[in-house]
Structures are given as C-alpha cells and as structure tokens.
Amino acid sequence: MVLMPKESAKLVAGLAKDVFIEETGVKKLALAILDGLKTGKLHKDNFSQVKYHPRPDDPRAVDWIFVLDTLNFSFWTDTGAKKWKVNGETGYFAFCAAVSRAIDNGKPMWDPKYYSQITQQDAEVIFRGDDEVDIPLMQDRIKGLHEAGKILLDKYKGTFVECIKSCEGSAKKLLQLIVKEFDSYRDEADYEGHRISIYKRAQILIGDIWACYKGRGLGEFHDIDSIAMFADYRIPQVLVHYGTMRYSDSLMSKLKSDEPLKQGSREEVEIRACSIEAVERVCDVVRSLIEADPKLGLNPSTDVNAIVIDHYLWDYRREYAQELEHIPFHKTRTIYY
C-alpha cells in the first residue's frame with residue numbers, strides 16, 4: 001500500500017534524521033502568509049497573473065495545463081553551466097514560453113493526437129533555446145508526451161477534461177486517477193520500510209486547474225484541502241530561509257559541496273516530505289490566526305490552503321532570488337519535479 005502525500009509527510013517528518021521542522025519558523029512563516037493575505041498580495045487568483053498560462057475562457061485551457069504539468073520537471077542548471085533560456089526567461093517560465101510560442105506558431109500542443117506522435121525533430125524546434133543550450137532530459141519529455149497522449153486518446157476521448165469529469169469534483173479521486181493512469185506522474189519512494197508518495201506533478205496539475213478556474217466550473221473540487229504543497233527543489237530553500245525547516249550539518253555541507261542527491265534517497269525524501277509537513281503546519285497556524293481575529297474578514301477554510309502557501313513560497317523565491325542564493329538547494333535530476 002502506498003501512503004498518500006500528507007500521510008507520507010507526517011511519517012517521514014517523525015522519523016527524519018537530517019531534516020527538522022522548527023515550530024518558531026512555522027510561526028514566523030505563518031505570520032508572513034497572514035500578512036500577504038491581509039494586504040491582498042497573496043491571493044488564490046495568482047495563477048492567472050503568469051502571462052504564459054492559459055486563460056480560463058480558453059477552451060483548450062485544461063489540456064494546455066495538462067501538457068505543461070506532464071513536462072514540468074528538471075529545469076535547474078548545473079553549477080557553472082549556461083542556463084536554458086526562451087524569450088529571455090529561465091526555468092519553468094522559459095518552458096511555458098516555449099509551449100506558448102509553439103501554439104502561436106500553429107503547433108497544437110494541447111492536442112494528444114499531435115503530441116502522442118511528436119518527433120525528436122519537432123521537440124527540438126519547440127524547445128529550442130535563445131542560444132545553443134538545450135532543455136534537460138529531452139528524451140524523457142518526448143516519452144512522457146507519447147505515453148500520456150496515448151492514454152488520453154485510448155481511454156478519455158482525447159482530453160483531460162474527461163478525467164476531471166469522471167472524478168465528480170473530488171481532488172483526491174483525480175489525484176489517484178492521475179498516478180494510476182500516467183506512469184510519469186507516479187512520484188513514489190521507499191522510506192524506512194514504507195512505500196511513500198510525494199506526487200508533486202500530479203498535485204500541481206490539480207492545483208493549477210483549481211487556480212486557473214478560481215475554484216469554479218472544471219476547477220471546482222469539494223476536497224481541494226486533500227492536496228498538499230508541491231515538493232520541488234526550490235520551495236525547501238525558502239523554508240530553510242524562514243527557519244521553518246532545518247538541515248543537519250552533514251546534509252547542509254553535502255548540499256553546499258554541490259553533491260547531487262539520488263531520487264528516492266533518504267535525504268532527498270526527507271527534504272521533500274518535510275516540506276509538505278512544514279506547509280501543513282503553517283496552514284494550521286494561519287487558519288488559527290484567522291479564526292482568532294474575525295475583523296480580518298478572511299475565511300480560514302477558503303482563503304488559505306497548501307496550494308496558496310506554495311504559490312507564496314514560489315513567488316518569494318523568484319522575488320528574492322539573490323538573497324536566497326547562499327542557501328543551497330538539493331539537486332536531483334529526475335522527471336518527478
């Protein structure tokens with residue numbers, strides 16, 4: 001049996017040897033989140049502020065988002081290497097810009113009939129950088145598109161909308177469907193005799209659809225709280241910065257020496273799982289603060305959840321990239337994040 005992400009995170013956090021959640025840091029981050037909610041800087045509509053994301057009124061939006069998250073992995077650059085850039089953007093935004101450019105150039109990137117048969121040559125044109133640098137893991141991306149496209153065509157009438165509709169408004173059911181049907185989303189590992197899951201891309205896919213549609217229509221999930229944060233390599237950097245999470249001296253020196261961590265290794269699992277548990281605790285504290293102060297005019301059950309907190313942390317990392325540079329992030333070359 002595979003434990004779901006939140007249960008996995010709780011288990012790992014209780015047994016972790018190299019990653020620790022600090023309650024003072026949890027409170028510090030919770031206050032920052034509350035401040036963001038009060039000022040309106042932090043809002044569940046932040047998804048639509050990204051210029052490369054589809055709009056909810058675009059009939060292709062769900063299938064566009066599905067392709068984005070099927071390939072949403074491994075954008076980091078080896079130390080000293082040149083970054084892959086598209087339209088001057090780096091990382092995830094460079095990738096979104098490449099998909100957007102392909103669509104503008106008449107490539108139906110949202111259509112599984114197209115991408116289930118995408119060739120190496122097509123992919124090289126679509127993901128060409130501003131200079132000679134290539135996107136990492138190109139073969140894995142092509143394989144992921146072929147597999148996902150074929151499943152949609154064979155079982156879901158060629159659209160991810162059918163997957164959503166079959167789950168009757170349940171984010172948890174949709175999460176289980178995604179990881180059962182689509183191999184590349186099955187982000188699992190073994191930890192201390194337990195089969196655990198992180199499911200970063202499957203969860204972000206649901207979170208993106210929820211955020212795109214502002215929790216309405218195709219984005220309406222009655223149990224959106226079942227979704228945890230999206231454990232990648234950048235969010236832990238912000239959690240360490242806030243003192244919400246702490247690494248052992250041995251792990252910190254390993255990260256500072258730029259030693260890559262193997263996907264599924266104990267330290268890598270601890271970093272990602274403890275990130276999930278840390279955000280769960282932050283969410284609990286923010287909700288308590290909202291309940292204690294009705295004058296805030298905030299609703300603890302609808303205005304804050306793990307997805308909203310994840311958006312805050314991700315945006316914070318981009319805004320304060322230079323200040324966070326001294327905190328190393330773990331480097332794992334993988335299709336899962």
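How are α3 and α4 oriented relative to each other? In this predicted model, the axes of helix α3 (residues 61-70) and helix α4 (residues 91-104) come within 11 Å and cross at roughly 135°, and α3 and α4 are therefore oblique to each other. The crossing of these two helices, α3 and α4, is right-handed. From α3, the residues Trp64, Val67 and Leu68 meet Tyr92, Phe95, Cys96, Val99, Ser100 and Ile103 of α4, and the residues of this contact divide into eight nonpolar, one polar and no charged.

On the α1 side the contact is made by Pro5, Lys6, Ala9, Lys10, Val12 and Ala13, and on the α13 side the residues include Val269, Glu270, Ala273 and Arg281. By class, the contact of α1 with α13 has eight nonpolar, no polar and six charged residues.

The two pairs are set out below.

| Helix pair | Axis distance | Angle |
|---|---|---|
| α3 and α4 | within 11 Å | roughly 135° |

The side chain of Thr334 reaches the backbone nitrogen of Tyr336 at 3.1 Å, while, leaving aside neighbours within four places in sequence, Thr334 is in contact with Phe73, Ser74, Leu137 and Gln263.

Definitions and conventions: Residues are numbered from 1 along each chain as its sequence is written. This is a predicted model: local features need pLDDT of at least 70, side-chain atom pairs count only at pLDDT 80 or more; totals for chains, interfaces and linings use all residues. Side-chain values use heavy atoms; hydrogens and water are left out. Axes are lines fitted to C-alpha atoms, for helices over the stretch in contact, and angles run from 0 to 180 degrees between N-to-C directions. Helices (H or I, at least four residues) and strands (E, at least two) are DSSP runs, numbered from the N terminus. Angles under 35 degrees count as roughly parallel, over 145 as roughly antiparallel, 65 to 115 as roughly perpendicular and the rest as oblique. A crossing is left-handed if the near helix is turned anticlockwise from the far one by less than a right angle, and right-handed if clockwise. Contact means heavy atoms within 4.5 Å. Ala, Val, Leu, Ile, Met, Phe, Trp, Tyr, Cys and Pro count as nonpolar, Asp, Glu, Lys and Arg as charged, and the others, Gly among them, as polar. A polar contact is a pair of N or O atoms within 3.5 Å; within protein, one must be able to donate a hydrogen and the other to accept it, and residues adjacent in sequence count only if both atoms are side-chain atoms.
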